[in-house]
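Subject: Structure handover

Hello,

I am passing on the structure we spoke about. Please open it alongside this email; my notes follow below.

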Amino acid sequence: MPLVIPVILGSVRTERQGERAARFLVTQLEARCIEAPLVDPAALQLPLLDKMYKEYPKGSAPPALEELATLYRRSDAFVVVSAEYNHSIPPALSNTLDHFLEEYSWRPSAICCYSAGQYGGVRAAMQLRAMMAELGASSIPSLLPIPRIGKALDAEGNAQEEWLTKAARRFLDELVWYAEALQAKRAGGTPY
Ligand SMILES: Cc1cc2nc3c(=O)[nH]c(=O)nc-3n(C[C@H](O)[C@H](O)[C@H](O)COP(=O)(O)O)c2cc1C
């Protein structure tokens with residue numbers, strides 16, 4: 001079965017840089033014939049969490065949440081693209097993720113973190129790793145940290161530095177391995 005791997009972007013600032021990394025990863029996944037829809041909380045105009053998706057009576061959730069639930073249920077893995085705000089997870093990313101729970105289960109995730117500076121957002125990634133585990137979508141061992149994102153990628157998400165394409169290849173090889181393994185295992189059922 002062809003893989004479906006949404007790329008979840010976690011910043012909504014008008015001047016955001018994260019779109020560069022998200023677009024880059026969508027392109028890299030699509031080059032592998034993987035369906036990789038961009039989940040953009042700004043475009044979806046996701047509200048601040050009031051009710052989780054599962055708390056709405058069936059059929060009455062806002063259309064954006066219904067759309068995401070449908071996408072997540074047919075997904076095989078998630079790529080999460082995170083900036084670092086004050087050494088932590090950007091609130092827009094927490095908010096985007098928090099609307100769902102069971103929809104992530106039994107699927108792996110992979111964390112791409114980035115920053116304007118030299119640390120590439122890894123401090124936020126460590127917290128995000130714990131969060132993804134709690135959501136039921138534990139992250140793969142490798143991270144894809146992108147330091148100095150404004151230089152590493154152009155506005156369309158094209159890599160400007162050779163190391164990045166190489167690192168992304170290895171990162172996605174690893175994710176695809178886990179995604180295929182769990183896809184096959186899910187086909188045989190899940191514990192609950
Ligand atoms: C509220 C806020 C807090 C930030 N905190 C950090 C930080 O702790 N570490 C860091 O390396 N960069 C930090 N930065 C700089 C970000 O790395 C940089 O602005 C990045 O582009 C943010 O991602 P975004 O443009 O997609 O929102 C911060 C930026 C903002 C807006």
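Which residue of β4 stands opposite Val81? Cys112 in β4 is the residue across from Val81. Before going further, please note that this is a predicted model.

The sheet

The sheet is open and has 5 strands, in the order β2-β1-β3-β4-β5, with parallel pairing. β2 (38-39) and β5 stand at the edges with a single partner strand each, so one side of each has no neighbour in the sheet. β3 and β4 run parallel and are joined by 5 bridges. β4 also pairs with β5 in the parallel sense, again over 5 bridges, and there Cys113 stands opposite Pro145 in β5.

β4 is mostly covered, with 6 of its 6 residues buried. In a regular strand, side chains alternate between the two faces of the sheet. In β4, Ser109, Ile111 and Cys113 point one way, while Ala110, Cys112 and Tyr114 point the other way.

The core

The largest nonpolar core holds 52 residues. Those that touch the most other members are Val7, Ala21, Leu25, Val79, Val81 and Cys112. Leaving aside residues up to four places away in sequence, Val79 touches Ile5, Val7, Ile8, Leu25, Ala110 and Cys112. In soluble globular proteins, nonpolar side chains tend to be buried together.

Helix α5

Helix α5 covers residues 122-134. Its 13 residues should span 18 Å at 1.5 Å a residue, and the end C-alpha atoms are 19 Å apart, which agrees. Its buried residues are Ala124, Ala125, Leu128 and Met132. An α-helix has 3.6 residues a turn, so residues three or four places apart point the same way. The buried residues of α5 pack against β3 (78-82), β4 (109-114) and β5 (139-146). After the helix comes Gly136, with a positive phi near 90 degrees.

The ligand

The ligand is surrounded by 15 residues, of which the closest are Ser11, Arg16, Gly18, Ala83 and Ser115. The shell divides into 5 nonpolar, 7 polar and 3 charged residues.

A loop residue

Is Lys58 buried or exposed? Lys58 has 6 other C-beta atoms within 10 Å, and a residue counts as exposed at 12 or fewer, so Lys58 is exposed. Lys58 lies in the loop between α2 (41-44) and α3 (63-73). From Lys58 to Arg123 there are 65 residues in sequence and 38 Å in space, C-alpha to C-alpha.

Regards

Conventions: Residues numbered from 1 in each chain as written. Predicted model: local features only at pLDDT ≥ 70, side-chain atom pairs only at ≥ 80, totals over all residues. Helix = DSSP H or I, 4+ residues; strand = E, 2+ residues; numbered from the N terminus. Expected span 1.5 Å × (residues − 1). Buried ≥ 20, exposed ≤ 12 C-beta atoms within 10 Å, placed from the backbone. Contact = placed C-beta atoms within 7 Å. Near = placed C-beta within 6 Å. Nonpolar A, V, L, I, M, F, W, Y, C, P; charged D, E, K, R; others polar. Core = buried A, V, L, I, M, F, W, Y, C linked by C-beta atoms within 7 Å. Pairing = 2+ DSSP bridges.
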